[in-house]
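Here is a friendly walk through some charged and aromatic side chains. Please have the sequence and the model open as you read.

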Amino acid sequence: MINIIARQIRRLGVFSFGMASMFLAVVARSGLGMTQIGHLIFFFGAVLAFLVVGIGLIKARPGQRGILEIAGFAGVICTLCMIYLPHAGGFTPLVAIAIFFATLTSSWFFLHSEMSRRIGARTTWRTRFSGDVYYPAKLVWKHIVPGAAMPEDHCTGQVAKYVEDLDDEDTMHVALKPGRTGQARYDITFLERNAPTFCRFYFEGNEADGTLVDGIFSLSVDVQDRGDCTIIINEERSGLSLGSLIERWFDDALSFQHDRLVALLDQRYGPGAGISKPLSQHV
């Protein structure tokens, strides 16, 4: 649960704040006569409750996690309507709830629409991550660089197969495991490759939903004095829909990949793999 909170804090924060604000606005408009302290206690209690709801949904239905930030956004819109629109004219909390669901539905369809693809196609996603890995560089390389080992060894757990290009030894064709919206396939060409400390490759292909993308991925592995590593990942990706761009930002995607890498290394090799971790890492 701690990992979910750490890597999904953006999504959980927007969802919890937006929903708690909406419920507080409904309570304030209902005329219950709560004091300001009462409203404050209610708000923070609602934030905590929706935080638990959000964590539960991510654990139970990870593929539907994107609905959380949309619900949080709809909650904020609903709250603003209740604050700034006049009380007269039949504007009741029930009307506000209707606005919430209308905003939720329209936002969902927009972010998965052709217009969302067109807007996103003009945008390049750029992100960077750095973090420590208490394993030798050769193991980091093996489990994060495409083609360095068998498909099932890749840290994402999503690679179905690698096929080397017959005409170019620096190019390979990668297929991911089929998902609920289809199967992603990429051609990747290594621009630089110096095992086990640095690689940079260009990729192009289609996402699981058919979106055509291209970009550049680079990995630097900085070996520390004790033999463990600091990894630095940079990624540029063009062609994603606006909805996918937003979801990637809320996912903190590269941090999640680092977590998957460390979890795989711990599972395959045990803590340390010959490198003495700090005591805090063994607890």
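## Side chains in a predicted model

F250 is buried, its relative accessible area being 10%; buried means under 20% relative accessible area, exposed over 50% and partly exposed in between, with a 1.4 Å probe and protein chains only. This is a predicted model, in which local features need pLDDT of at least 70 and side-chain atom pairs count only at pLDDT 80 or more, while totals for chains, interfaces and linings use all residues. Residues are numbered from 1 along each chain as its sequence is written, and side-chain values use heavy atoms, with hydrogens and water left out.

### Aromatic rings

A pair of aromatic rings is described by the distance of the centres and the angle of the planes. Rings of Phe, Tyr and Trp (its six-membered ring) pair here if their centres lie within 6.5 Å; planes under 30 degrees apart count as stacked, over 60 as edge-to-face and the rest as tilted. The whole structure holds 10 aromatic pairs by this search. One of them joins F201 and F203 edge-to-face, with 6.5 Å between the centres and 65° between the planes. F201 counts as buried because its relative accessibility is 7%, and F203 is buried too, at 4%. Another edge-to-face pair is W249 with F250, at 5.0 Å centre to centre and 80° between the planes.

Which charged side chains sit over rings? R10 lies over the face of W249, 4.4 Å from the ring centre, and R193 lies over the face of F190, at 4.0 Å. For this, NZ of Lys or CZ of Arg must be within 6 Å of the ring centre and within 35 degrees of the ring normal.

### Salt bridges

Side chains of opposite charge can pair when their charged atoms come close. A salt bridge is counted when a side-chain nitrogen of Lys or Arg is within 4 Å of a carboxyl oxygen of Asp or Glu, and the count comes to 12 salt bridges. Three of them are set out here.

| Salt bridge | N to O distance |
|---|---|
| E69 and R11 | 2.5 Å |
| R237 and E207 | 3.1 Å |
| R237 and E235 | 3.1 Å |

E69 and R11 form a salt bridge that links distant parts of the chain: E69 is in helix α4 (residues 66–84) and R11 in helix α2 (residues 9–29), 58 residues apart. Helices (H or I, at least four residues) and strands (E, at least two) are DSSP runs, numbered from the N terminus. E69 counts as buried because its relative accessibility is 7%, and R11 is buried at 0%. Both residues belong to a network of salt bridges that also includes R65, E247 and D251.

R237 and E207 meet in a salt bridge, and this pair again links distant parts of the chain: R237 is in strand β7 (residues 229–238) and E207 in the loop between β5 (198–206) and β6 (212–223), 30 residues apart. R237 is buried, at 9% relative accessibility, as is E207 at 13%. E235, which also bridges to R237, is buried at 7%.

### A buried histidine

H143 is found in helix α7 (residues 137–144) and counts as buried because its relative accessibility is 0%. Leaving out residues up to four places away in sequence, H143 touches D153, H154, C155, L261, L264, L265, R268 and Y269; contact means heavy atoms within 4.5 Å.
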